[in-house]
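Me: I would like to go through this structure step by step. Could we begin with a single residue?

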Amino acid sequence: MPSEPGPARPVVFSAPGIKRYAARDFTPCNPESFRPVSLTGARCALSCAHCEGKLLRAMVPARPSLLDACARLARAGTRGVLITGGCDRKGRVPLAGLGEELRRVRDSLGLSVAVHTGLLDRAAAEELAQAGVERAMLDLIGARETAREVYHLEAGPEDYEASLAALVDSGVPTLPHIVLGLHYGALKGERAALEMVRRHRVAGLVLVVLTPLPGTPMASVAPPPIGEVEEFFHLARRSLPELPVWLGCARPCGPARRAIDRAALRAGLDGIAFPAEGIVARARASGREVVLSDACCGFVGAPGTDR
Amino acid sequence: MDEPLVVVKDVQLPAGDSYYYDRTEHLWARLEGEGRVRVGLSAFAQKAAGAIAYVKLKPAGKPVQKGRAFGSIEAGKYIGPLKSPATGSLEAVNAEALENPGLLNTDPYGRGWLAVIEATELSRDLADLVHGEDAIRRWIEEEYNRYVAEGLFAE
């Protein structure tokens, strides 16, 4: 087993308001700091095998309008929002035409704005750039079979790379996500997705691990083995030595989560969202500088979010 | 006679004389005689937490303190401790709920119970819990409205 890296790089632990969270050594100051807003409520045309829209149910619906929902959140103390939602049949989150509203969320309400885009073309990416969207997040699929069999979508890696390029070329700071084990627990297109990331000037990379959800076709799927997850963490770190690489919100629960978090520390990842109990102390004991943040990992370092 | 039940929208809370509620943690505590208190997550708590995927509890026999963790849960919208509503020791923990955490969502007052506490300072511990049908209704209506206003009850 590789040893944990030296103290050179700080590690950021974040707990945005996507979940309420408390641990012995890290309780966020503002549990409502960063909230996800769904443009489609709980609806998603794809009904992907790992989610079937269940993740959307935990989000704030954009009702009666996106601006109204964000205004309510701003009054309750929220400082940033992730605008997301279910996809249409072409794998797109319905952001098109919302540029002006997104700008008002940022400028009038003073909220930081991140978006989950799904697939998108250059015109849509440019609209997000003109709206002043501060971060775009895109799940990269590196295998056509995974898009077809999990997302029920006829799209290939080239479509995801074109979307990534559109965002980056439009000047939207972009944080691609790679879901390890998305293909029913097996690693399939993850290396190809990592290669895509290497070819574009992204703001960072977020790795997450398949979390089988009750009531979905993947409920009984085993997440990828910890050895494969750790190997991929090390590969990502070696491939992208200068780029911030974070372990994001989604990963299995309980002992598996602790094992994944320890692997992330050993691999020298730059941040962990919602760290398992004891992981902050472990990082400190290893000599790494620790930063605690209420922000979504893409916004770490923004004023007032770190301590 | 049926036990009184407080119903606020999609949340139901038993309000019989044996039921008490922690007003911040949203745990129920049911008196079972001779200082024994059975504890679980209320329907309100499990709605706020989302699908519960993992439960960890201290083993039976361990001491617990009011306001301190006797376990933890990981759920779709919550990761954090379960704080005891009473001081004493854990007489029993629910192995079935550890094995199948979804029971906390589907049967929060029945098979989804968490622990039985042998309470040592029961009257003191009960003093700040919510009790009685009217008090439970007022409290849960306020909490429900607050959670909606803060966007914590999305759908």
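Me: How exposed is Asp10(B)?
Reply: Asp10(B) is partly exposed, because its relative accessibility is 49%. Buried stands for under 20% relative accessible area, exposed for over 50%, and partly exposed for in between, with a 1.4 Å probe and protein chains only. Please note that this is a predicted model, in which local features need pLDDT of at least 70, side-chain atom pairs count only at pLDDT 80 or more, and totals for chains, interfaces and linings use all residues. Residues are numbered from 1 along each chain as its sequence is written, chains are lettered from A and ligands numbered from 1 in the order in which they are written, and side-chain values use heavy atoms, with hydrogens and water left out.

Me: Which side chain does Asp10(B) meet in a salt bridge?
Reply: The partner is Lys47(B), at 2.8 Å from N to O. A salt bridge is a side-chain nitrogen of Lys or Arg within 4 Å of a carboxyl oxygen of Asp or Glu. Asp10(B) lies in the loop between β1 (5-8) and β2 (11-14) of chain B and Lys47(B) in helix α1 (residues 43-49), so the pair ties together parts that are 37 residues apart in sequence. Helices (H or I, at least four residues) and strands (E, at least two) are DSSP runs, numbered from the N terminus.

Me: And Lys47(B), buried or exposed?
Reply: Lys47(B) counts as buried, at 16% relative accessibility.

Me: Which residues do salt bridges with shared partners join into one network?
Reply: The network consists of Arg30(B), Glu32(B), Arg36(B), Arg38(B) and Glu91(B).

Me: How many salt bridges are there over all chains?
Reply: The count is 28. One of them pairs Glu158(A) with Arg144(A) at 2.5 Å, N to O. Glu158(A) belongs to helix α5 (residues 157-170) of chain A and Arg144(A) to helix α4 (residues 144-149) of chain A, so this pair ties together parts that are 14 residues apart in sequence.

Me: Where does the pair of Arg257(A) and Glu74(B) sit?
Reply: This pair crosses between chains, from helix α8 (residues 254-267) of chain A to strand β8 (residues 69-75) of chain B. The two side chains form a salt bridge of 3.0 Å, N to O. Arg257(A) is buried, at 5% relative accessibility, and Glu74(B) is buried as well, at 8%.

Me: New topic. How many residues has the largest nonpolar core?
Reply: The largest nonpolar core has 102 residues, and those with the most contacts inside it are Phe13(A), Ile83(A), Leu102(A), Tyr160(A), Leu205(A) and Phe233(A). Such a core is a set of buried Ala, Val, Leu, Ile, Met, Phe, Trp, Tyr and Cys residues joined through side-chain atoms within 4.5 Å. Another core, of 27 residues, lies apart from it and includes Val37(B), Leu57(B), Ile73(B) and Leu126(B).

Me: Why would such residues be found together?
Reply: In soluble globular proteins, nonpolar side chains tend to be buried together.

Me: What does Val229(A) touch?
Reply: Not counting residues up to four places away in sequence, Val229(A) touches Leu180(A), Val209(A), Pro224(A) and Ile260(A). Contact here means heavy atoms within 4.5 Å. Val229(A) is in helix α7 (residues 226-239) of chain A and is buried, with a relative accessible area of 1%.

Me: How far apart are the C-alpha atoms of Val229(A) and Val197(A)?
Reply: They are separated by 18 Å, and the two residues are 32 residues apart along the chain.
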